[in-house]
Amino acid sequence: MMTDPIADMLTRMRNALVARHERVQMPASRIKREIARVLQDEGYIHDFRLEQTGHPQGLLDITLKYDATHTSVIQGLKKISTPGKRHYVSCKQMPKVLDGAGIAIISTSRGILTDQQCITDNVGGEVLCFVW
């Protein structure tokens with residue numbers, strides 16, 4: 001049993017980026033699909049898809065993105081909220097990641113959003129992770 005599936009997702013992605021893999025696979029869940037959707041919308045990954053294989057919930061297959069010099073587009077991933085210590089913020093307390101060079105992924109009542117979308121929609125929520 002996994003206690004923190006989001007931390008597992010970020011660790012798998014971080015390890016694949018260090019090893020310069022083209023793709024990374026992990027057990028799928030709704031929240032992982034939504035985080036992958038945000039990463040794709042923000043241009044941090046090429047694509048993601050759900051594969052229905054031997055796993056009960058399926059596998060999430062993420063295609064990572066590199067620039068022309070084979071440097072990863074994602075320079076860092078940091079988990080903020082943990083099962084033992086949740087980190088909630090209001091719209092006015094929204095964190096800035098590297099003065100706007102990165103994004104914060106927030107779980108809100110309107111779904112998984114970036115920090116900028118939360119400010120635009122005037123909603124707060126749980127800060128899941130930082131990506132830069």
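Predicted model: local features only at pLDDT ≥ 70, side-chain atom pairs only at ≥ 80, totals over all residues.
Is the crossing of helices H1 and H2 left-handed or right-handed? Good morning.

Let me begin with helix H1. Helix H1 covers residues 5–18, which is 14 residues. From its first C-alpha to its last it reaches 20 Å, close to the expected 20 Å at 1.5 Å a residue. Its buried residues are Ile6, Asp8, Met9, Leu10, Met13, Ala16 and Leu17. The elements that cover these buried residues include helix H2, at 30–41, and several strands, among them E1 (23–27), E2 (45–51) and E8 (125–131). Just after H1 comes Arg20, which takes a positive phi of about 60°.

Now to the pair of helices. Two packed helices are described by the angle between their axes and by the distance between those axes. The axes of H1 and H2 come within 10 Å and cross at roughly 45°. H1 is therefore oblique to H2. As for my opening question, the crossing of H1 and H2 is right-handed. On the H1 side, the residues that meet H2 are Pro5, Ile6, Asp8, Met9 and Met13. Their partners in H2 are Ile31, Lys32, Ile35, Ala36 and Leu39.

Next, the cysteines. How many disulfides does the count give? The count comes to 0. Cys118 has a relative accessible area of 0% and is buried. Cys129, at 0% relative accessibility, also counts as buried.

Where is Leu98 found? Leu98 is in the loop between strand E5 (88–89) and strand E6 (103–108). Although Leu98 is not a glycine, it has a positive phi of about 50°. Its relative accessibility is 52%, so Leu98 counts as exposed. Asn122 sits in the loop between helix H3 (115–121) and strand E8. Asn122 is another residue other than glycine with a positive phi, near 60°. With a relative accessible area of 53%, Asn122 is exposed.

Thank you for your attention.

Technical notes: Residues numbered from 1 in each chain as written. Heavy atoms only, no water. Helix = DSSP H or I, 4+ residues; strand = E, 2+ residues; numbered from the N terminus. Expected span 1.5 Å × (residues − 1). Buried < 20%, exposed > 50% of the residue type's maximum accessible area, 1.4 Å probe, protein only. Contact = heavy atoms within 4.5 Å. Disulfide = S-S within 2.5 Å. Axes fitted to C-alpha atoms, helices over the stretch in contact; angles between N-to-C directions. Parallel < 35°, antiparallel > 145°, perpendicular 65-115°, else oblique. Left-handed = near helix turned anticlockwise from the far one by under 90°.
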